[in-house]
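Reader: I would like to learn how to read the features of a structure like this one, with the cut-offs behind each word. Could we go through them one at a time?

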2 protein chains.
Amino acid sequence: MATVLKQPPAATLERLKTAIGAKGWTADPAEMSPHLLEERGHYRGRAALLLRPATTAEVAAAVRICAETGTAIVPQGGNTGMMGGATPFEHGNEILLSLSRLNRIRALDPLNYTLTAEAGCILANLQKAADDADRLFPLSLGAEGTCQIGGNLSTNAGGVQVLRYGMARDLVLGLEVVLPDGQVIEGLRGLRKDNTGYDLKQLFLGAEGTLGVITAAVLKLFPRPREVETAFVAVRDPAAAIELLARTRSGTGDAVTAFELISRTALDMVLTHIPGTADPLSAKHEWYALIDCSSGDSGGGLREAVERTLADAMEAGLVIDATLAASAQQGKAMWRLRDSITEAQKPEGGSIKHDVSVPVSSVPAFIAEASAAVARAIPGIRPVAFGHVGDGHIHFNVSQPAGEPKQGAPRDAYLARWGEINRIVHDIVARLNGSISAEHGIGRRKVDELAHYKSPVEIELMRTLKRTLDPKNIMNPGKVVVP
Amino acid sequence: MATVLKQPPAATLERLKTAIGAKGWTADPAEMSPHLLEERGHYRGRAALLLRPATTAEVAAAVRICAETGTAIVPQGGNTGMMGGATPFEHGNEILLSLSRLNRIRALDPLNYTLTAEAGCILANLQKAADDADRLFPLSLGAEGTCQIGGNLSTNAGGVQVLRYGMARDLVLGLEVVLPDGQVIEGLRGLRKDNTGYDLKQLFLGAEGTLGVITAAVLKLFPRPREVETAFVAVRDPAAAIELLARTRSGTGDAVTAFELISRTALDMVLTHIPGTADPLSAKHEWYALIDCSSGDSGGGLREAVERTLADAMEAGLVIDATLAASAQQGKAMWRLRDSITEAQKPEGGSIKHDVSVPVSSVPAFIAEASAAVARAIPGIRPVAFGHVGDGHIHFNVSQPAGEPKQGAPRDAYLARWGEINRIVHDIVARLNGSISAEHGIGRRKVDELAHYKSPVEIELMRTLKRTLDPKNIMNPGKVVVP
């Protein structure tokens with residue numbers, strides 16, 4: 001898929017080493033190794049050199065040399081992506097550009113509710129810096145202790161609070177970017193309103209490093225929530241969950257920060273395999289919603305609003321049973337049920353995964369149709385539907401049939417049908433006007449799948465942008481879109 | 001500034017007329033006249049033909065013919081823009097493309113909190129449609145009874161609720177766009193999460209019709225607020241206002257929907273010239289904040305939270321006096337003071353206007369520095385600083401000195417210094433890392449000013465995008481950026 005590049009000549013590598021200085025590069029296999037393996041182990045690449053510039057000027061110098069010599073660059077943050085976007089190809093002719101030393105917080109302005117951070121800052125460190133200033137940086141996801149903000153922005157990361165605060169893209173006011181020719185866009189403006197021409201930063205957000213290298217950003221902060229209410233709710237069915245979501249948004253002053261759907265199948269797996277978990281409700285139900293609402297106002301009005309909303313929904317037949325966490329600890333225990341689903345699926349054998357979204361109102365139709373369709377393909381297959389249904393985002397992970405051995409040949413045979421099952425599910429997603437990659441991006445893994453589902457006009461416009469901004473095809477070639 | 005184009009040959013005009021049909025075009029001077037005059041009367045253009053297509057297919061057909069024949073197109077919505085972006089040039093060789101007949105609401109999905117509307121829909125009609133479905137479409141601005149959503153999106157309109165809900169760009173989930181070659185991007189996806197490659201819609205939002213024609217959009221809706229609290233607050237100074245803003249965001253669970261700064265000079269002009277207005281507070285003060293908070297929760301907690309925040313701020317010396325509207329009518333009267341400022345400035349003689357923004361934390365410095373600088377240039381000049389200071393957006397409108405005659409030669413002499421005063425103010429804005437066009441865009445009026453202040457790298461990238469997407473330079477040529 002990638003352009004097959006020649007190994008960069010020794011002279012080019014020497015120029016790059018000199019430009020960054022002794023601390024800023026390595027060719028040591030042991031040091032490079034963790035940077036070459038994709039998160040889930042799907043890819044192990046090679047690289048001609050690992051660069052670790054410490055300043056934007058050093059990034060620009062390196063990119064300039066690569067542009068002059070036609071050398072391909074793979075930018076890398078915390079290397080936690082799941083689509084292989086940050087992993088170099090196996091041919092080893094690319095330069096790996098780690099942003100990890102570019103890790104200063106340049107400014108924190110509580111009155112402007114902004115934080116200016118370099119690409120290599122670890123997400124959790126930014127959350128902490130904001131919290132220390134009595135502010136919230138709302139981007140939050142499983143890998144937050146390792147992932148870097150540059151990668152989060154390049155992949156337009158989502159996470160658990162999208163419903164309230166938006167995707168990573170929505171949290172950016174300004175960007176500093178090194179273009180594929182080494183020029184620098186110094187766009188670190190912290191403005192809420194700026195209508196001076198095309199919004200250039202949008203090009204680089206979510207482009208997975210294929211159009212330039214994000215080196216720093218001005219990020220939006222929010223008031224730190226002072227009250228969080230967590231509810232675990234048995235709902236009649238997915239349609240009732242969606243209706244409850246709309247009512248909770250209305251009833252709480254749009255205070256819903258997370259709204260997750262959990263099926264009985266998923267909960268059973270968690271209760272079976274994850275020690276120390278317990279069903280928060282006394283009876284068994286088919287579908288649950290896990291709801292977080294938060295407010296910066298600690299006056300106690302939020303809890304009342306959530307209780308009122310749930311009571312009304314129970315009267316309307318949408319909610320069967322519900323419990324509101326009495327403490328932060330209880331809330332955490334509820335979230336542990338949700339966060340353990342992927343782990344709990346592992347002992348159940350092979351799982352074919354989907355990271356899809358549809359309009360929120362189409363979630364019930366999607367779950368019904370996709371569950372029926374995969375069961376037609378493989379009788380006994382166990383759909384585990386869960387996820388950020390408040391955003392229309394469903395992790396539709398399908399476990400192999402229960403009766404089969406969970407390891408060895410039956411598991412392998414099941415996983416060999418990954419592409420077939422993906423196609424069945426993605427066709428339904430496409431029909432419902434949804435997305436085949438809600439959150440994880442395209443990287444290397446979904447390049448062909450994207451070309452299959454995206455309209456020719458859109459794919460061609462993407463290609464045109466890639467060719468225009470990166471005419472030498474040196475920025476993360478072979479990822480996202482092939483020019 | 002625009003490429004000087006030749007008058008389209010009669011054959012081209014005939015092809016266009018045939019493509020759209022009898023109802024869809026006019027060359028009648030009387031019918032065309034209102035479409036040719038810019039809102040504030042700064043420009044009166046001419047056009048070879050006015051096209052009024054009723055469907056996206058008709059728009060595409062027209063653009064295709066224009067692309068084939070190298071005919072320039074000026075897309076136009078409600079024609080309420082203030083930068084001349086929707087006005088054709090005086091040479092009369094352009095086709096004016098009105099979107100006003102493309103005015104259907106295609107879908108309203110309360111559970112997905114989305115509204116799908118065609119470009120020609122009047123903004124107020126969309127607000128009403130959302131309201132009828134117990135939802136809020138939060139885009140709101142002075143021209144809402146006339147302006148059209150296509151124009152709002154093409155100019156990335158702001159308005160009074162940006163602080164809470166963002167600019168027009170932030171309210172869009174999907175776009176349908178006719179490209180400069182007549183191809184159609186069918187991107188009407190109503191997804192909260194979609195990481196499938198470059199976010200192409202961003203190119204067209206705020207591009208003022210220079211990269212394509214927006215024909216329809218999927219817009220985000222929100223819960224309809226059930227409680228609105230309006231406060232009129234005397235603050236110590238602009239710095240205290242900014243501190244109060246931060247505290248109110250924190251103290252109310254980020255329920256602040258508008259936060260406007262008003263100077264005594266501005267209030268005095270309103271009380272003098274606008275009948276039926278009264279000072280809401282008993283004593284005179286130098287600076288005021290007008291604050292709106294809103295919540296979908298009608299439990300009454302919001303009023304308490306606002307009261308508590310104001311009381312604390314008074315204790316901290318930020319607030320001198322404050323009054324909370326006791327009824328919707330009182331709140332309206334407070335807003336009338338703010339909304340009448342521009343009108344009240346008129347009898348005070350010439351006013352040189354600025355539509356600028358800076359980081360919220362720099363607003364006090366901007367007001368102090370800009371007021372001092374213009375007073376050095378013209379002693380006695382009266383800065384009327386007001387506006388959406390919650391977004392760092394200041395309408396810095398400077399009235400001529402009080403002692404002078406308000407009409408005739410002194411007024412003309414004052415207004416002749418518009419460019420000089422603009423330069424003084426914009427230099428300060430640039431130093432504070434602000435924007436010379438917070439809200440109104442670039443259009444025709446600020447093309448040179450933008451080229452002066454934007455970095456060469458950014459201007460060149462804008463030019464590159466324009467050349468790439470519109471190689472024949474037929475889409476609203478001469479506006480925003482000259483390729």
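Author: Let us begin with burial: a residue is called buried under 20% relative accessible area, exposed over 50%, and partly exposed in between, with a 1.4 Å probe and protein chains only. Ser340(B), at 9% relative accessibility, counts as buried. Its place is in the loop between α11 (328–339) and α12 (341–345) of chain B, where helices (H or I, at least four residues) and strands (E, at least two) are DSSP runs numbered from the N terminus. Not counting residues up to four places away in sequence, Ser340(B) touches Val270(B) and Ile274(B), contact meaning heavy atoms within 4.5 Å.

Reader: What kind of model is this, and how are residues and chains labelled?

Author: This is a predicted model, in which local features need pLDDT of at least 70 and side-chain atom pairs count only at pLDDT 80 or more, while totals for chains, interfaces and linings use all residues. Residues are numbered from 1 along each chain as its sequence is written, chains are lettered from A and ligands numbered from 1 in the order in which they are written, and side-chain values use heavy atoms, with hydrogens and water left out.

Reader: Is β8(A) enclosed or open to the outside?

Author: Seven of the seven residues of β8(A) are buried, so the strand is largely enclosed by the rest of the structure.

Reader: Where does chain A have a sheet with parallel pairing in it?

Author: β3(A) and strand β4 (residues 95–98) of chain A run parallel and are joined by four bridges, with Leu97(A) in β4(A) as the bridge partner of Pro75(A). They belong to an open sheet of four strands in the order β1-β2-β4-β3 (chain A), whose pairing is mixed. At its edges are β1 (25–26) and β3 (73–76) of chain A, each of which pairs on one side only.

Reader: Which residues have the most contacts inside the largest nonpolar core?

Author: A nonpolar core is a set of buried Ala, Val, Leu, Ile, Met, Phe, Trp, Tyr and Cys residues joined through side-chain atoms within 4.5 Å. The largest has 94 residues, and those with the most contacts inside it are Phe137(A), Leu153(A), Phe204(A), Phe137(B), Leu153(B) and Phe204(B). Leaving aside its neighbours within four places in sequence, Leu153(A) is in contact with residues including Val172(A), Leu175(A), Phe204(A) and Leu219(A).

Reader: How is the relation between the two chains described?

Author: Copies are superposed by least squares on the C-alpha atoms of residues with pLDDT of at least 70 in both. Chain A can be laid on chain B with an RMSD of 0.0 Å by a turn of 180° and a shift of 0.0 Å along the axis, which is the relation of a two-fold axis. In chain A, the C-alpha nearest that axis belongs to Gly301(A), at 2.9 Å.

Reader: How much area is buried between chain A and chain B?

Author: Buried area is the accessible area (1.4 Å probe) that two parts lose on being put together, summed over both. Between chain A and chain B it is about 6900 Å², of which carbon and sulfur atoms give 56%. In chain A, Lys193(A), Asn195(A) and Tyr198(A) lose the most area to chain B, together 15% of what that side buries. By contacts, 88 residues of chain A meet 88 residues of chain B.

Reader: How many salt bridges cross that interface?

Author: Side chains of opposite charge can pair when their charged atoms come close. A salt bridge here is a side-chain nitrogen of Lys or Arg within 4 Å of a carboxyl oxygen of Asp or Glu, and the rule finds eight across the interface of chain A and chain B. Arg189(A) and Glu458(B) meet in a salt bridge at 2.6 Å, N to O, while in the one between Lys193(A) and Asp391(B) the closest N and O atoms are 3.5 Å apart. Both Lys193(A) and Asp391(B) are buried.

Methods: Two strands pair if DSSP finds at least two bridges between them.
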